[in-house]
Each structure stands twice: as structure tokens, then as C-alpha cells.
Amino acid sequence: MPQLGKTIGRRTYLHVDALVEAGAEAGADSQGLAQRVAAAERATGLERGTQFNVVRLDQDSGEVGLLQYPQFFDDPFPALRESWRFDPRSGAVAHRTYADSLNPPILHRKELLLPADHPRRDDYAALTAAAEAIGLFEDTRRIGYRRQWLALVQAKGYRIDGHALVPLGNEEDETEPEDGSGTRDEQGGLPPAVSAAECATGSVVGVAAKPAPGGHLGSAAACADKAPLHAGWEAARYRTAMVRYGFSAPIQSLARHGFLDGQHRLFDYGCGRGDDVRGLRENGLEAAGWDPYYAPGEPIKAAELVNLGFVINVIEDFDERLEALQRAWSLAERLLVVSVMLANQNDPRGARFRDGVLTQRQTFQKYYTQQEIRDFLLDALDEEPIPVAPGVLYVFRDKEAEQRFLVERYRSRRSRLRDPSAPVSARAPRVSQRRDRRAEQYAAFQAPLERLWDQWLNLGRRPEKADLVSEDLLALSEGFGSFNKALRFLETEQRERLGDDAVSELLARAEAERVADLEVYLALLQFERRRPYKQLEAGLQRDIKAFFGDYQRARTAGFARLMQIADVEAIADACRSAAEHGLGWLELEEAADVASGWPGAADSTAGDSAAHRGSVTGTSVSGRASTEDGPERGLEATPQGSLTLHTSLVEQLPALLRVYINAAAVLYGDVHNADLLKIHIGSGKLTLMRFDDFDGRALPRMLERVKIKLREQDVDVFGYGELFEPPFLYRKSRFINEEHPGYPEQVAFDEALERLEAQGLIDLSGYGPPASELLAILARHRWEVDGLELRRMQTPPVLDDPCGQFLTFRDLIECGETWQRLASESEDTGFDNRPKQVASYNALLELAEQVLDPVIDWFGMIELTYGFCSPALARQIPGRIDPKRDQHAAHERNRLGNLVCPRLGAAVDFIIADEDMREVAQWVAANTPFDRLYFYGADRPIHVSYGPENARQIVTMLPGPSGRLVPRTLSAAEFSATERASFEIKPRVLQQPRSLQRRR
């Protein structure tokens, strides 16, 4: 019978159609299985098959997960829509929705979840076999989420077509993956016409060197009067130009805020090697750039968007720096984007010079603080800059565009792309001639109609003529007779395509989101000088009239929203909603829990399965609040706790939390300067945390913590460094979600660290161990952190280093009769039995930690009779041994480079004085994750291995009637139940042939 249920670790997944069959297979446990699922259904109030269709059972905790995959049968790799988790110990329920996620978890090998006789099971199994054949499941860290999965399929040269994998052909439009190739300029100096000390720049613009007509720099003679800036030093600014394989931070910020929609021209002033310009052009956008070193022949021209990316921070002369900024500003018709390197973001190694440093590459760097660059732009341009990202600021020349940006900035930027809804019942086709004409009319004007529909959903109201670009307005008016007729046509068409209820719900949701976004903007407008209604941007005026009626009512609604941040219950509800949507990690202590000492309060109800853990960051109920979240006098009845999330998720939060955060930003500045923020429920505080390389490290170190106290209107800043060791951020995956870069790898790392905690090696409770202590513990157990991966060390240990808690590597390598004989015969040089492969040392360590340490801890010290066996030692052992199967060779290779034992892992033989080895073997079988165990008798050593196959195979090797050893394979249950008499050896067969004895 095919395997029933998909098992990942200690969790089993079943489709609801397989529950009956699973219960029958469980036998005596079937009633318990049915009761567990029924209890979860009662606690969640869900209907089987309608609101959930997959059940997850945790074998250790008894937890039950109810999962909804709407397209389970139709989608080859269905996406998770919603997840409920029920903890029978506490009765707690956690919920997580992926309805808005752009990268939801997906399901593989779905045939395993179905009954054995399901009619489509073979089709699904064929898809799994095809995926295995091209190696799609080799790296399990990359397959659990849709975005990474589709990228992996394409990287393998395939695409998904129904329930089949189809090779990509030459006729198909493919995008070549980046191969990391690129050209770097290796010149030691500048072109002969322009010396570094004169006018040279790299990715940057030194405007003091006036461009000649046509955009070229002047000759060296034109700048000959320039004195050297530093003795023996020449500015090599061109060396600061990076080879980019993705868009720079300022360009990505423009894309994020909707400026790269094809309606604006962009000029990159100081474009360096031109990667941004080239990438924008490849995306069909109008872009140009100029650089005095890499693109001196390009014309300098005005544009609606001007990018001054990482330019002024490498100009050593202040006047030249100022002139570069003002020149770029003069070219900006609508918006200037300025980006600089921030202080403490990098380690500025080099000598201090003027207001910056001279680097080892003979370049100048000026590192700014966010406030410092803001003040510089304000003084130089007499315009208020707007920080949009760390080191990236916008300066608007077009003030209406600035207002529109501020309105849009505070709106939630959720994608309008949603998973397709479940198929509706088929309607009888309408084949009238009129319908054909409508279809032809829609096809003729499909592009402007689709843009109009997107505009409708973005505005949350019926668009007006002024909301459309002139080209679309003209096309629709001419095609349908009038703009209003085009609107009516579009609405009718959408309702026929999607259904009345779906369109009504879509429009209502769009309106509610837009009203909330406007209320956020109006709430934060209370901190600024009131602007007359007539000075508001025209689109904003239309919004206010449509949603609020007049300006006064709009301001009143904004003020009410601002005052709501003092409502602790409302803040707590908003935090719960955010956590259910995967926006942060919620630790909430209810008032009732505090008063009653609820016994389940200490149990975490957040998280999910190994496949989805970390993305399901729902409510975690804690029995105690942290000291900084403690209830103030008179607030004992209010919720306490916190919601912690990455700052990139702020725009997706409920409106109330966006107001709360931006109100704190009025005191501090742009919260996006930090990596994480924590909303303190009940205390009116916000904590911002900045780390070193948050995205690139699995355990980033905290550099700065800023606590903003809204009630006291005060800010506390705490920095880490020489006096205070920067702490690690543990369980980083809790604070990001599946859309964050590197999320699957981070989840895998966090799970690996938690496995070490389960083994008792580390303690992650509270804030976790100090960084130095954790690294020392990991090193002692031969673990190391490499980027986003926790792996075994890649260097061999010293023989006398600990191998587990009680043994050393020497103990496992220099043991056995043969080794001792060979060592005594070579007293001067000894016999070298050390492994040549680092993986063999790591396998011995895992054997010691997983099997031998527990045995020694329970029974006392063991006597090793046979340990690691190198190929050289194997050739010297008399008698019958089987190196290709016994795992004593660990990961060693023979002279041809092939594995000695393909089973990998490691093995030893041992005996314990004064112990019945039958009882020892039974204890090993019941209490350790062994791979293979061979039992030879109550007074003989046992053979035990630990390896990746995790076969849990038990073989008794006892004499038969003829006196020869007879192998018999038993299950763990059969072996544990075997009576002692079955293992006893009768006196007539005590003397075995020498060739059958295990001599080591």
C-alpha cells in the first residue's frame, strides 16, 4: 500500500479525505486521531472540507493544524491560504492568513496526503517523480515558498504546465540568470587628459571641473591651478563606482513609491558604470545618465526625475560638493533623489581628512548621519527634504507632486494581485451577437480599460476625467462615446466576468483601504501647519469630497484617528490583526491572564510546521510581560505586550498602527533608518533597533536601540560597542515574513538552532545567550555560522578535543585490538588512523552527541572495542569485516575517490562493564535516534551507528543450531518486547569458530 500521509520531521499532513483511512490504519489509535481533529474543529469553529482541507498533526506536542489550500486539486503546487493552530494543552488557537501574501507557502508531494485509492493520486505522483528527476527537491530550504520555487524551476530549465514540467525551448522568452560576470576597471589612474587632483570623478560628479560644451570635461590645463588636497595623494573617485547586478537603493525607492511607471523621464547625474540606466532602459523606461569618467560623452540634460546617487559623499571639497548638488537640483523638473553613505553603516578604515576619511583605495568618503544630510540639503537648496530610506532623501520641485507623494506614502501598499478564487459554477454561454460586439469592443480597448480598472481600485472611488492621463481619456471617450459610458461598460464587464458579489466586495475593500490611508495622512497632518483647502493637490481635493464631503469633516476624521492611538484595546486589536497577516511577532498578555494566573499563559501559540514555521507568526501568549512593557499605575486591566516587525512591513500595517508609528517618527525621524521596530501595547512607547547587515546575517548584532516615549515626548538612545557587547538577534524569521529576501534560509537556520536547544546545547529563552557565549558553545560542538547557514566546521579538530560530553576524538579513533597491536609495533611513529575527511570527524561527533552521550549519562562510562576505521586500518584487521556496510569508515574515500561506505554516518562497538548488554541495546533502541544496531549477546559488545539514513534497523546476530551467527531483523517494538531467554546462548555453542568472532 502506498505511503499514507506526508511526514516532515515529527509532523504528519493528511487531506481530510484520508482521515477515515488514516484512522483505520491507526487501529487502536484511530479514536484518538478522530478526537484530536474534532477538538480542533470545535475550538476553531471551522467546517471540514469547506474552511480547511488539510490536517497537520504534531507527534510531540499533540498540536493540530487546520490548513486551507483552496486549489488543492487544480494547482500542481497549491498555495496555503489560511492556517489555524490548536494547542490541546492550553486550548489556545492561533490564526494566520496568506490571502495578501505575494509569496505564500506551497505544498509539494500532495499525493501523499490523499487516500490510496484516490483517482488522481497517480497523476500527482508522476509530477513528483518528474520534479525529483530534475533535482528540484535537492535543497529543501528553497522549495517551500512560491517565489523561490518558481525561480528554481526556471533555473532548472523548465516551466510548469498544468501537472507537468515542460522544458523551456529556444522559441520561448527566457531571461538569462545573472552569472556574476562583469568587467571592472583595473587602471591605476585616470586618463592622461585629466589627473585625479584636477577634476577626476568616478561614479560621482565633481562639478568644479566644468564640463566642456557637449558634456565633456575640460583639459588638464583648465584645472592646473588646483593645489594638491593632501601630500602625495590623488583623488581616484572613479574607483568608488560599483559594478551592480541589481538596482541601487535610490532607484529601488523610486520604483517602490511608483515613480518608475513609465510616465517620467529619469536622468542619472553621476551614473558611474551606468548599470541603473541600462537596467531602466531594459525595462522600457526613458533614462539617461552622465559621468565624467565612464560616460563623459553623454549630454547633461534636465528630466522630471534626477538621481544624485552616492555622489556628494565622495567629493572631498565642500564647495565642489555644494556645486554638484545645486547643479543636479537645477536639472530636476519634478524630483531630485539624493543618496549618501551613512555613518556607522560601514567601517570607515583610513586616515581622517577634512570632514571625512581617506580610504585604503585612495578615495575620499564622507559618512553622514540622517540628520546631517537632511540639514545639508535644507541649507543648500532651501527646500524641505523627505527621508524615504536610510541615506535616501527626496527633494520635490513640484509641490503638488510632493503632496501626492505624502498622501500615497501613508497608504497601505498591498498588491492588488490575489490568488484566483475558487472556480464558480459554469454558466450557460451567452452567444448573442451583442455579446460578440461587446467582446470585440473590450478587446479593442483592453489596455486603457485595464488601466482604468486599476485606477478605480487604487482610488477606492469612481475615477473622474481628471484622474486619467489624456491619452486614455481621449481613447475611451472616442471609443465609447463618453467617459461615463466607458465606466458603465467597464463595470458591467467586470461584474459579468467576476460576479456581482466579488466585484462589490472588491470595490468596498478598496474604498475602506483608501479611506483608512487618507485618515492616516490627515492624522499626521495635525503635526503640520494647516494648509488651505485650495492649496491641496487636485486629486486629494477630489478624494476629500468623495469620502468625507468637505475639508472640515476630513480633518475631524484625521484627528479622531490620531486620538485613537491612546486606546490600548484598539492598539491591541490592530496588533492581533497584523500578526494574523504575517506582519510581525506578537507577544500579548491579556489582563485576565494576569489576574488569574492562567496556567496556559506561558505556552506559545505562534508558529507553524517545519514547512511553514516562521511565516505563521500569530499570537504568542506570555505569562509575563517584559520589564519595559510593565503596566503603569492604573493600567492593570489593560493588555500588555508588544508587536515586533521589520520596518519594511510598516506600510502594510492597519491604519491605526501606521498613525502610531508615524506619530513617533515626528519625535525621531524616519523609522526606516532602523531594521526592526517594536510597538509596546499599553505603555505608549516605540522601540527602534538597528543591526549590522540585517539581511545578510542569520544572527545580526544590534548596534543601536532607540526608545520613543510618546506620552513623555522623549527619546532614549542606547548604543552598543566597546562597553556593551552587541547582542545577537535570535529567531529573526519571527520578525520578517515570506516576502523578505532570504526568508526560507532564515527559517531553516532558526529551526537548526532550535534543534540544538532541544538537545540541551543552548538556551534561547529570554534574549538568548550573549554573542560570545553562543559562538563558544557552537565552536565546542563544531558548529559555525556562515551567512544564513548553520553548518559543521570545515576544519579538522585536534585529537584531544572533546567529542561529545564525555569522550575525545582520540577515544573513538585510537581504540580496538588491531589498532593497539599496530601502535605497539610502531612505538616510534605510531599508527596513523586519523580520518582524512573533515566530514568523518563531524560524523563521529554526531554519533557521540546523539547516541553515546545519552548512554554514558544513563549507564556510566563505556568501553570502546572498535571505533573509526580508516582504509589503512581495515586492511590490517584479521577476520571478516564489511567496510562497505558497517559505517566504521564514516565519510572516508578509497584510492579511487569513492566512498568506502555509501551509508555515511559513523559507527562504534562498545560494551559496559557489569551491565546486561541486552538491556543496554533495548535502551538505545528506545531512547536514541540511532541508524543501525547489531546485537551479539548479553555479554558481548553491541554495534551502533548514527547516520543520515536514520534507518533505525535492529539486527540480532545470535548462534543458530549449527553454532553459526544467524542475522534476524526486528522492529524496535519487537526487540524491546523480546524476553531475555530468547537471547541466551546454550552451553553447547559457547565456543564459536575463531573466524566468526568479532576481533577488533
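Reader: In which sense do strand 33 and strand 34 pair, and over how many bridges?

Author: Strands of a sheet pair through backbone hydrogen bonds, either parallel or antiparallel. In this predicted model, strand 33 and strand 34 (residues 965-970) pair in the antiparallel sense, over six bridges. P959 stands opposite L965 in strand 34.

Reader: How many residues lie between strand 33 and strand 34 in the hairpin?

Author: Five residues lie between the two strands of that hairpin. In the turn, G963 has a positive phi of about 90°.

Reader: In which sense does strand 33 pair with strand 31?

Author: Strand 31 (residues 932-935) pairs with strand 33 in the parallel sense, over four bridges.

Reader: How many residues of strand 33 are buried?

Author: Six of the seven residues of strand 33 (residues 953-959) are buried, so the strand is largely enclosed by the rest of the structure.

Reader: What is the strand order in the open sheet of six strands?

Author: The order is 1-2-3-4-5-6, and the pairing is antiparallel. Strand 1 (6-8) and strand 6 (92-97) stand at the edges; each has a single partner strand, so one side of each is left without a neighbour in the sheet. On average, neighbouring strands of this sheet are turned by 20° against each other, direction ignored.

Reader: Over how many bridges do strand 4 and strand 5 pair?

Author: Strand 4 (residues 64-68) and strand 5 (residues 82-87) pair over five bridges, in the antiparallel sense. Here Q68 has E82 in strand 5 as its bridge partner.

Reader: Turning to helices, at what angle do helix 11 and helix 13 pack?

Author: Helix 11 (residues 446-459) and helix 13 (residues 483-498) pack at about 85°, and their axes are 11 Å apart. That angle makes helix 11 roughly perpendicular to helix 13.

Reader: Which residues meet in the contact of helix 11 with helix 13?

Author: From helix 11, L449, L452, W453 and W456 meet F483, A486, L487, F489, L490, E491 and Q494 of helix 13. The residues of this contact divide into nine nonpolar, one polar and one charged.

Reader: How many disulfides does the structure hold?

Author: A disulfide is a covalent bond between the sulfur atoms of two cysteines. The structure holds zero disulfides. For C815, the nearest cysteine sulfur is that of C869, 9.9 Å away, whereas a disulfide needs the two sulfur atoms within 2.5 Å.

Reader: Is C815 buried or exposed?

Author: C815 is buried, with a relative accessible area of 7%. C901 is also buried, with a value of 0%.

Note on methods. Residues numbered from 1 in each chain as written. Predicted model: local features only at pLDDT ≥ 70, side-chain atom pairs only at ≥ 80, totals over all residues. Heavy atoms only, no water. Axes fitted to C-alpha atoms, helices over the stretch in contact; angles between N-to-C directions. Parallel < 35°, antiparallel > 145°, perpendicular 65-115°, else oblique. Contact = heavy atoms within 4.5 Å. Nonpolar A, V, L, I, M, F, W, Y, C, P; charged D, E, K, R; others polar. Buried < 20%, exposed > 50% of the residue type's maximum accessible area, 1.4 Å probe, protein only. Pairing = 2+ DSSP bridges.
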